[in-house]
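Start with the structure itself.

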Amino acid sequence: METSIENKSYHVSDRGYYGNFGGAFIPEMLYPNVEELRDNYLKIIQEPSFQQEFEHLLRDYVGRPTPLYRANRLSEKYQTNIFLKREDLCHTGAHKVNNTIGQILLAQRLGKKRIVAETGAGQHGVATATVCALMNLECIVYMGSLDIERQAPNVARMRMLGAEVRPATSGSKTLKDATNEAMRHWINNPTDTHYIIGSVVGPHPYPDMVARFQSIISEEIKWQLKEKTGSENPDYVLACVGGGSNAAGAFYHYLDQESVKLVAIEAAGQGISSGHSAATTALGKPGVLHGSRTILMQTEDGQVVEPFSISAGLDYPGIGPQHAYLFDSGRGIFMSATDQEAVEAAFELTKLEGIIPALESAHALAVLGRLGAGSSETVVLNLSGRGDKDLSTYMKYLD
Ligand SMILES: *Cc1c(COP(=O)(O)O)cnc(C)c1O
């Protein structure tokens, strides 16, 4: 059994574990696909030609480095020094594209001809369809038929980008069913298809691979903060957690820097004990979800509990295995914000700074008042995405 002592660095072990979390709990039919990835991903992403192309696309296509912006009026309000890492300015409006670019370059080098992905609200589907258009690869996105009805603009975007959106019509007709269909597709097309997972979840090596692609976020924060404050280490790094990819990227280069507090904010939905929540660490227990051992919301007899959050990106019943380990080991500080608190925080940022955040990112903003950061301390908040996609929700709160 892996122990926290063996894996003290908070990074993945050779066998794919973070403490007792992680691993690859998958049907035998998927072994060849996952093994191919596991045996090749590190070698490929360390090749100079890969790194050059990745850096080039992040710069000229995504628009990196994204700014690190000192939010003066927000800082004044909370009597501390708040810097926003502007992932909302990435092409397609969020951090997700950092990962899909990395994975499509990897898929090309593995000789894959087709990309398959699942999507809930459609954000990951759009980020995947975008890079497939860019690289001229066939793209199939599975989406619950209920979600297809609810998320018409993102379905239109994916189609316009050339992706085929296939409805998943089983079960609750949402993300979990789309994931099952995408998995089935991958099992049936092992040699020519790559499955792009959108967060730091799934069987090893996905959590580590996605974290590496997103680690550009903290790589940039370090030199940007040094330029602005003289120190590359803030006192706090804040990020919202759905599956945990933007948080994993924002934490990555600070994991072993114990003086930097890593704060992960989950969605409490209508309240942690309301029965309509997605606050995984507050409500969950260890178990296996989507191919890895992690913490997930489940009933007494181990059935996954349907999560709830006003923000589609945080509406997930688990967290990635690295976050489970950060929680379990105490290295990460886990907080949560309700729907109402997130909406209020989104309006506050908009009024104080002229930045309309994604509802997901607004959950991180919502805890600024209870963080306890002092006036000489520095807080970096990862603003994972922009609020355009959430306007129909925000409109309901305008009077
Ligand atoms: C998808 C999404 C998230 C949640 O995903 P993580 O993997 O937890 O980062 C957060 N913010 C935005 C803007 C998103 O689109």
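## Ligand contacts

A polar contact here is a pair of N or O atoms within 3.5 Å. The model is predicted.

For G244, a backbone N or O atom is 2.7 Å from an oxygen atom of the ligand. For G243, a backbone N or O atom is 3.2 Å from an oxygen atom of the ligand.

## The shell around the ligand

Which residues come nearest to the ligand? They are K96, S199, G244, S245 and S384, out of 16 residues around the ligand.

The shell's makeup by class is 10 polar, four nonpolar and two charged residues.

## Cavity

How many cavities of 30 Å³ or more does a search of the whole structure find? The search finds one. The largest cavity holds about 30 Å³ of space.

Its lining includes the charged residues E36 and K112. N33, L37, L110, W186, P190, T193 and H194 also line the largest cavity.

## Confidence

The chain has a mean pLDDT of 95. A pLDDT of 70 or more is reached by 98% of its residues. Residues 1-7 have pLDDT below 50.

Technical notes: Residues numbered from 1 in each chain as written. Predicted model: local features only at pLDDT ≥ 70, side-chain atom pairs only at ≥ 80, totals over all residues. Heavy atoms only, no water. Near = heavy atom within 4 Å. Polar contact = N/O pair within 3.5 Å; in protein donor to acceptor, adjacent residues only side chain to side chain. pLDDT = per-residue confidence, 0-100. Contact = heavy atoms within 4.5 Å. 1 Å grid on protein atoms, 1.4 Å probe; cavity = no way out; pocket = protein on both sides within 12 Å on 5 of 7 lines; lining within 4 Å. Points joined across faces, edges and corners; volume = space filled by probe spheres on them.
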